[in-house]
Amino acid sequence: MAQGLIPRAQTGTNHSFLFLSSKSKFPLTRCKFPFILPPLRLLPLPLPRCFCRYSSLQEPIDLCKYREAFSKRMDMAGLKPHHRIALGVSGGPDSMALCVLTAGWKMDGLSATGKSGTFIDGLLAIVVDHGLRSESRDEAKVVCNRVMQLGIRCEIASCDWLNGRPKQGHLQEAARDMRYQMLQKVCVQHKIGVIFVAHHADDQAELFILRLSRSSGVLGLAGMPFTSQIFSSHTYSYSKVSKNYGVLLVRPLMDFSKDDMYKICQGANQDWVEDPTNRSSLFVRNRIRMSLGDLSSGTLNSELHAIISACRKTRLFVDQVCLSLANWTLTITELGYAIINLEIINQLKIQDICLSKFVSLVLQFISQRHRPVRGNTAKLVLDYIQTVPCKTSLTAAGCYICPAPGSKGTRCIVCCSVDCPLPSKIEVFHAPSYKDERHAVADGLEQIINDGKSYLEHFIPKASDVHFLDATPASVLDEAKRLNILSESTYRIIVSLQMQETKLFKAEPKVSPGHESKHGSHSVRTSSGGLLKPGQICNYMNRFFITWKKKDENEDNSSFEVASCNAFCKSCVLGSDMELGVRHMTESDWLYLSKLSECTVENFQDQRDTLASLEEQTKENINRCLNSARSSAREALVLLKLIPVAARRSLPVLVNHQGVLISIPSIRFTHCPWLMAFAEFKPRVPFGGGHSSFM
């Protein structure tokens with residue numbers, strides 16, 4: 001929220017204003033008056049904070065049609081009134097309209113039992129205080145109080161900019177990223193699996209022009225999904241991501257315009273906040289919004305949304321093809337690499353747009369780097385997949401692609417490349433108590449997603465009904481005009497806006513971001529790794545969950561729970577270490593296993609004395625450790641030979657304080673009979689980025 005107000009003119013509409021200023025020392029008063037404003041531009045002077053309200057002089061608004069449309073959207077998302085839901089609220093007309101409709105839908109569905117005291121059950125509003133201005137906390141409190149008057153519990157989430165305030169050129173982007181992090185964090189804390197945000201049809205139109213000016217293809221021009229799973233950059237515990245459902249983000253207002261937001265607030269007699277930064281031409285979305293507002297007409301709006309709808313239909317079709325391709329041609333191994341059957345792909349004659357998207361999804365999943373694969377990289381990967389048999393290797397988007405051994409080039413493997421910048425931070429937390437562990441949130445969200453998918457299946461178009469499968473980014477508008485989706489006048493307006501914004505974008509100085517994520521990417525090769533204590537679980541490279549412990553002699557090896565570590569080995573390289581390092585496998589580990597598999601008692605004794613200062617042990621204990629290590633090393637070598645060389649390098653290993661290999665948990669190699677180590681391939685973000693709907 002920013003200081004000042006510059007309202008967009010609403011012709012023939014009456015408002016009331018409540019002016020707030022951080023410098024004011026006088027009681028606040030409300031003034032009501034009708035006004036008609038011409039289009040206003042950015043003013044250089046700061047203005048007082050302003051809350052707006054439609055006057056009662058305006059004709060009453062019937063909310064029935066909005067409530068019916070909202071209820072239908074809830075059915076499409078698989079949601080019922082009893083589900084626990086969070087609302088992202090800024091206090092503007094969009095989010096206040098969202099509060100009004102959600103509260104009404106909840107109360108209608110829950111009937112008289114829908115309230116506990118003064119608040120609606122299972123509904124929480126979250127006001128994010130970005131903390132970028134001194135007044136923001138007080139403003140958040142005002143919004144919070146206003147939301148609670150609707151019977152909605154409300155919580156303020158305060159942002160902590162650990163690396164300093166972001167620079168102006170990246171302010172909106174940084175604030176948006178931080179906002180979603182905070183929303184997810186609060187949802188996790190309250191065990192809420194669904195969050196609503198207030199994006200509407202006008203936001204989609206702005207995004208369409210923005211992406212068009214950045215040469216986005218038809219899939220990007222489809223805009224924001226109606227529903228999508230989002231996954232936190234933090235791992236709060238093993239249990240909270242164990243089922244990989246994240247939080248379901250829902251945009252219930254996509255069928256409504258900005259004018260509808262005002263009407264809903266008026267119909268509910270609800271105040272809202274106007275943010276003056278929304279009129280600042282410093283930000284690209286604002287420029288596009290103002291340009292569209294100046295050119296707004298019924299024809300332009302309807303045709304603009306018609307082409308967006310056509311792009312969304314194409315996206316629906318492509319997403320479905322990608323899921324089918326995954327079922328037919330993709331194998332994901334528990335060791336963290338994928339195998340693609342190129343022979344089947346070649347027989348299916350898949351459109352380039354579908355195949356390119358499919359391969360991009362595979363690369364994003366394996367690397368857990370979720371930037372789109374674009375430009376020359378996308379073309380390079382597509383050419384590789386379409387060449388059968390494949391004979392060469394390729395590094396792209398954090399992955400290494402090469403022919404699968406023994407396949408004669410009819411299959412390729414995709415594995416994580418440890419030479420590329422990848423997430424390498426190690427998050428450590430304690431194992432959950434499985435006796436008390438409940439998955440009610442995950443199970444409930446799974447059912448919601450499944451219900452949403454069932455609804456979506458009825459809207460998957462046929463290939464003959466999809467228009468833009470062969471369209472390039474430069475030809476989408478031309479194709480839309482040829483199909484009479486766009487009239488000549490609308491076509492010219494959109495092209496003009498596209499060219500205008502493209503020119504401004506190219507002329508902008510490229511400002512480096514003023515903030516660096518503390519969860520940034522680093523080279524895995526140079527990473528110092530992390531230290532893991534017995535019973536702790538770590539998330540390694542966003543791909544593997546790893547744990548280890550020392551066991552009692554008679555303990556069941558299949559147990560994953562933390563046990564008491566009364567027994568520990570003093571006969572081998574494990575020694576009395578209570579912390580092990582985590583890193584990826586290297587060539588030296590292979591050589592070490594080879595030597596260990598042929599190790600004698602004398603060599604083992606020498607190695608033990610060199611690596612650790614240990615108590616004298618009986619020959620029986622030394623032999624026991626040696627036999628165990630030698631046997632485990634031989635089994636590991638056999639298993640590793642079955643794994644492609646490129647895939648071996650991304651396997652996590654545990655090492656002692658001197659860097660000596662102690663365990664390769666993925667293949668059950670352990671250097672010591674007292675050691676239990678486990679690794680589970682569980683990427684933070686599932687294949688395809690989770691469920692999304694572009695209805």
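**Rings, cores and a mixed sheet**

Eight aromatic pairs turn up in this predicted model, where rings of Phe, Tyr and Trp (its six-membered ring) pair if their centres lie within 6.5 Å, and planes under 30 degrees apart count as stacked, over 60 as edge-to-face and the rest as tilted. Phenylalanine 544 and phenylalanine 681 make a tilted pair, because their planes meet at 55°, with ring centres 5.4 Å apart. This pair ties together distant parts of the chain, 137 residues apart: phenylalanine 544 belongs to strand 23 (residues 544-550) and phenylalanine 681 to strand 28 (residues 675-681). Helices (H or I, at least four residues) and strands (E, at least two) are DSSP runs, numbered from the N terminus. Phenylalanine 544 is buried, at 1% relative accessible area, and phenylalanine 681 is buried too, at 14%; buried means under 20%, exposed over 50%, and partly exposed in between (1.4 Å probe, protein chains only). Ring pairs join Phe365, Phe544, Phe681 and Phe687 into a cluster.

As for the ground rules, residues are numbered from 1 along each chain as its sequence is written. The model being predicted, local features need pLDDT of at least 70 and side-chain atom pairs count only at pLDDT 80 or more, while totals for chains, interfaces and linings use all residues; side-chain values use heavy atoms, leaving out hydrogens and water.

Next come the nonpolar cores (sets of buried Ala, Val, Leu, Ile, Met, Phe, Trp, Tyr and Cys residues joined through side-chain atoms within 4.5 Å). The largest has 136 residues, and those touching the most other members are Leu87, Phe196, Phe208, Ile307, Ile340, Phe358 and Ile385. Helix 9 (residues 298-329) supplies the largest share of this core, 12 residues. A second, separate core of 29 residues includes Leu596, Cys599, Leu651 and Phe669.

Then there is an open, mixed sheet of seven strands, ordered 8-7-4-9-11-10-29; strands pair if DSSP finds at least two bridges between them. At its edges stand strand 8 (153-158) and strand 29 (692-693), each with a single partner strand, so one side of each lacks a neighbour in the sheet. Strand 4 (residues 85-89) runs parallel to strand 9 (residues 194-196), joined by three bridges; isoleucine 85 has valine 194 in strand 9 as its bridge partner. Helix 2 (residues 93-110) packs on the sheet and touches strand 4, strand 7 (123-129) and strand 9, where contact means heavy atoms within 4.5 Å.

Note on methods:
Axes are lines fitted to C-alpha atoms, for helices over the stretch in contact, and angles run from 0 to 180 degrees between N-to-C directions.
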